[in-house]
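I opened this notebook to record, entry by entry, what I looked up in one structure. The entries follow below the display.

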Amino acid sequence: MTPLDDAFAAMEAAPNDDAARLAWFDRLAGSELVLLLEEEAQGDRIKPQIFNVEGADLVLAFDRDERLSAFAGGQAPYAAMSGRTLAAMLSDAGLGLAVNLGAPSETVLETDAMAWLSGVLSEKPAEVEDQPEEVRPPADLPQALLSALDMRLASATGRAASAYLVATTFADNRQSHLLAFIDPAPGAEGALAQLVGEALTFSGLEAASLDVGFFRASDPFCAQLARVGLRFDLPEPEQGKAPTAPGMNPASPPKLR
């Protein structure tokens, strides 16, 4: 059983529980999937096998490469990528997705489901431009959100040095919470905001419940954040290791052909 199997079983056991259904989609988006291809990738371009099932065009992906091999009857060409990358790609192409055929989490997501998932994953919280008048320790945030943030930031290797979660009050007396990223990598701001948006969505919260900000460690404001904030450390990339296979670099998703 894989984490995707477990989330699927929980969803099946509680068919009327929206939280369980969101948790499964969340797990799918965060899983690394292997997509069955017709042939080996050519540079950054891939050609997935497409199956027409009852008028719907579907591609096949699995959360373990041995599951793909079992389905294909041996080794087969594939591209590895996250569920969120695959959702955006298939939504743009008007394709559906069959997940883990032959496994406990076997399911089919047609084109409307892929469009919904891609839309949800593209939502981002508001980015603050004004510095808060006051910051305080975070309060009254559900554990589901904190766990989702921790999981996502633990996978955001090299995108920022750290992050602090604080409660805020602004000059207009607006109160909110802020996730402040310290020393973000150049160009990483959009991806980091998207990860936070996913955590909010799949925790069942509104995007307005949390702001996102980006700060340099030299900013005096960071001392206040460190004093009262809940800190998240993001992993540093391993030296000399860079993804090269199609689909393995989240900043450069493969292109369908």
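This is a predicted model: local features need pLDDT of at least 70, side-chain atom pairs count only at pLDDT 80 or more; totals for chains, interfaces and linings use all residues.

The entries go through helices, strands and single residues in turn.

**Entry 1. Helix α1.** I asked which residues of helix α1 are buried. In this helix, which spans residues 3-13, I found Leu4, Asp5, Ala7, Phe8 and Met11 to be buried. They lie on the same side of α1, because the arc they cover around the axis is only 165°. I then looked up what covers the buried residues of α1.

**Entry 2. Strands β5 and β1.** I turned to strand β5, residues 78-82, and asked how many of its five residues are buried. The count is four, so the strand is largely enclosed by the rest of the structure. I also looked up its pairing with strand β1, residues 32-36. The two strands run in the antiparallel sense and are joined over five bridges. Within this pairing, I recorded Met81 of β5 as the bridge partner of Leu33.

**Entry 3. Helices α4 and α5.** I examined how helix α4 (residues 83-93) packs with helix α5 (residues 111-121). Their axes come within 8 Å and cross at roughly 125°. An angle of 65 to 115 degrees would count as roughly perpendicular and one over 145 as roughly antiparallel; α4 is therefore oblique to α5. I recorded the crossing of these two helices as left-handed. On the α4 side, the residues that meet α5 are Arg84, Ala87, Ala88, Leu90 and Ser91. On the α5 side, I listed Met114, Ala115, Leu117, Ser118 and Leu121.

**Entry 4. Helices α6 and α7.** I made the corresponding search for helix α6 (residues 143-154) and helix α7 (residues 189-202). Their axes are 9 Å apart, and the packing angle is about 150°. The cut-off for roughly antiparallel is an angle over 145 degrees, and α6 and α7 are therefore roughly antiparallel to each other. The crossing of α6 and α7 is right-handed. From α6, I found Leu145, Ala148, Leu149 and Arg152 in contact with α7. Their counterparts in α7 are Leu195, Val196, Glu198, Ala199, Leu200 and Phe202.

**Entry 5. Leu145.** I followed up one of these α6 residues, Leu145. Is Leu145 buried or exposed? Its relative accessibility is 1%, so Leu145 counts as buried, the limit being under 20%. I also looked up its separation from Leu230, which lies 85 residues away along the chain. The C-alpha atoms of this pair are 13 Å apart.

**Entry 6. Ser162.** I located Ser162 in strand β9, residues 162-169. Its relative accessible area is 5%, and Ser162 is therefore buried. Beyond residues up to four places away in sequence, I found that Ser162 touches Ala180, Phe181 and Ile182, as well as Arg231, Phe232, Asp233 and Leu234.

**Entry 7. Gly213.** I placed Gly213 in strand β11, residues 211-215. With a relative accessibility of 0%, Gly213 counts as buried. I asked which residues are in contact with Gly213, leaving aside neighbours within four places in sequence. They are Val128, Leu178, Leu179, Ala180 and Phe181. Finally, I looked up Gly213 and Asp130, which are 83 residues apart in sequence. Their C-alpha atoms lie 9.3 Å apart in space.

Definitions and conventions:
Residues are numbered from 1 along each chain as its sequence is written. Side-chain values use heavy atoms; hydrogens and water are left out. Buried means under 20% relative accessible area, exposed over 50%, partly exposed in between (1.4 Å probe, protein chains only). The arc is that of the directions from the helix axis to the C-beta atoms. Contact means heavy atoms within 4.5 Å. Two strands pair if DSSP finds at least two bridges between them. Axes are lines fitted to C-alpha atoms, for helices over the stretch in contact, and angles run from 0 to 180 degrees between N-to-C directions. Angles under 35 degrees count as roughly parallel, over 145 as roughly antiparallel, 65 to 115 as roughly perpendicular and the rest as oblique. A crossing is left-handed if the near helix is turned anticlockwise from the far one by less than a right angle, and right-handed if clockwise.
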